[in-house]
Amino acid sequence: MWEIKMDFDLGHTISSLAKLALRTKRNIDKQSNEGKKIKLYQLWTDRTYRAFETKEKTGYKAFMFRGQPIENWESVELHPSNHNTETGKEIGDVYSIDVSSVVVNEKCFNVISSHLQGNVQILPAQSESQRLYVLNVTTIIDCLDRENSKLKLFQSSGRIMRVEEYAFHRELLDNVFIFKIPEELHTHPYVTEDFKKLIEQNNIKGFKFVPVWEEK
């Protein structure tokens, strides 16, 4: 009985310490973000690096994500594009398939994976025996400040055709890393300066960061 009690106390202590460490990390992250100005980028692929294709001509449609988890996904095989505009280009760590998805190799995935939990659905792919990762961004933040953005609207419906100048609600952007907005589920995700720095510090090739907004 004493051994059982001791094991229980030890397990309880370990669990309590783990919870305390998590709370401490959250508090540190919160304090470090207080007063920190946010800069946002649209995440594009750098077309100076070689694009990739699926075996089937219409296979790219499987990569047209809309912010929802994909069910019944099967691993896809990708290969470097043989189009005359692509041959001869350097192969990077990021592969251009569709603007709404992000496809990366293992080097890039290992750099960013710890920041992806809860933000993206990770789907398998491969290319020439290389393991690839398809990132479906499922974190949707309704943070576009429509009143202070410059919007091009469809006259018939009043829906947004495109955003010409962005403004965001700062209070909704604490501790974000990668996300989409409801108005643009079909296109590029958004990332923060922290994402950009992580990529640059680890010499990841193939991303293009298009600045869209900086907190004043």
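Biologist: What makes K107 partly exposed?

Modeller: K107 has a relative accessible area of 40%. Buried means under 20%, exposed over 50%, and partly exposed in between, with a 1.4 Å probe and protein chains only. So K107 counts as partly exposed. This is a predicted model: local features need pLDDT of at least 70, side-chain atom pairs count only at pLDDT 80 or more, and totals for chains, interfaces and linings use all residues. Residues are numbered from 1 along each chain as its sequence is written, and side-chain values use heavy atoms, leaving out hydrogens and water.

Biologist: Why is D93 called buried?

Modeller: Its relative accessible area is 9%. The limit for buried is under 20%, so the label holds.

Biologist: What makes K107 and D93 a salt bridge?

Modeller: Their side chains meet at 4.0 Å, N to O. The definition asks for a side-chain nitrogen of Lys or Arg within 4 Å of a carboxyl oxygen of Asp or Glu. So the pair counts as a salt bridge.

Biologist: How many salt bridges does a search of the whole structure find?

Modeller: Ten. One of them joins R47 and E86, at 3.2 Å, N to O. R47 sits in the loop between β1 (39-45) and β2 (52-54), and E86 in the loop between β3 (76-80) and β4 (94-95), so the pair ties together parts 39 residues apart in sequence.

Biologist: Is E86 buried or exposed?

Modeller: E86 is buried, at 6% relative accessibility. R47 is partly exposed, at 44%.

Notes:
Helices (H or I, at least four residues) and strands (E, at least two) are DSSP runs, numbered from the N terminus.
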